[in-house]
Amino acid sequence: MFTQLNPTIPLHVVGKGDGYAIGMIDYGQEHNLIWVTALDDSGEIWCAPNATVRLGRNWTMGRAENPLITKDKQAERAKDAAQQEICN
């Protein structure tokens, strides 16, 4: 079953970055949910399995940033810095 999300849900896909879930696919009880996500940085649309999707921090709700998101963002910054070093 496909469900269009309205409003969209801001989230983070581990290994891909921040984005907004625009839909969700549920193949049934033997499968993970699949989050149809538009990524902020690239504009790509990815179908991300439930295990790779995390909600970000929400000050109003008292939710801190998920440690997996922090680790993923640090890895991405390190990768970018290494790439920049190679280019210089």
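1. A residue is buried when its relative accessible area is under 20%, exposed when over 50%, and partly exposed in between (1.4 Å probe, protein chains only). By that rule, 22% of the 88 residues of the protein chain count as buried.

2. A word on the source: this is a predicted model, where local features need pLDDT of at least 70, side-chain atom pairs count only at pLDDT 80 or more, and totals for chains, interfaces and linings use all residues. Residues are numbered from 1 along each chain as its sequence is written, and side-chain values use heavy atoms, with hydrogens and water left out.

3. Along the sequence the pattern reads β-β-β-β-β-α. The C-alpha atoms fill a box of roughly 50 × 30 × 25 Å along the principal axes.

4. Which residues make up the largest nonpolar core? There are nine: L5, L11, V13, A21, M24, W35, L39, A48 and V53. Strand 1 gives the most, with three. A nonpolar core here is a set of buried Ala, Val, Leu, Ile, Met, Phe, Trp, Tyr and Cys residues joined through side-chain atoms within 4.5 Å.

5. Now the surface. D40, D41, E76 and D80 gather in a patch of negative charge. Patch residues have over 30% relative accessible area and no salt bridge, with like charges joined within 9 Å. A salt bridge puts a side-chain nitrogen of Lys or Arg within 4 Å of a carboxyl oxygen of Asp or Glu.

6. Take D40. D40 sits in the loop between strand 3 (34-39) and strand 4 (45-49). D40 counts as partly exposed because its relative accessibility is 45%.

Technical notes. Patch = residues over 30% accessible without salt bridge, like charges linked within 9 Å, V, L, I, M, F, W, Y side chains within 5 Å. Areas by Shrake-Rupley, 256 points an atom, 1.4 Å probe, with all protein chains shown as cover. Lys, Arg positive; Asp, Glu negative; His and termini not counted. Charge placed at Lys NZ, Arg CZ, Asp CG, Glu CD. Helix = DSSP H or I, 4+ residues; strand = E, 2+ residues; numbered from the N terminus.
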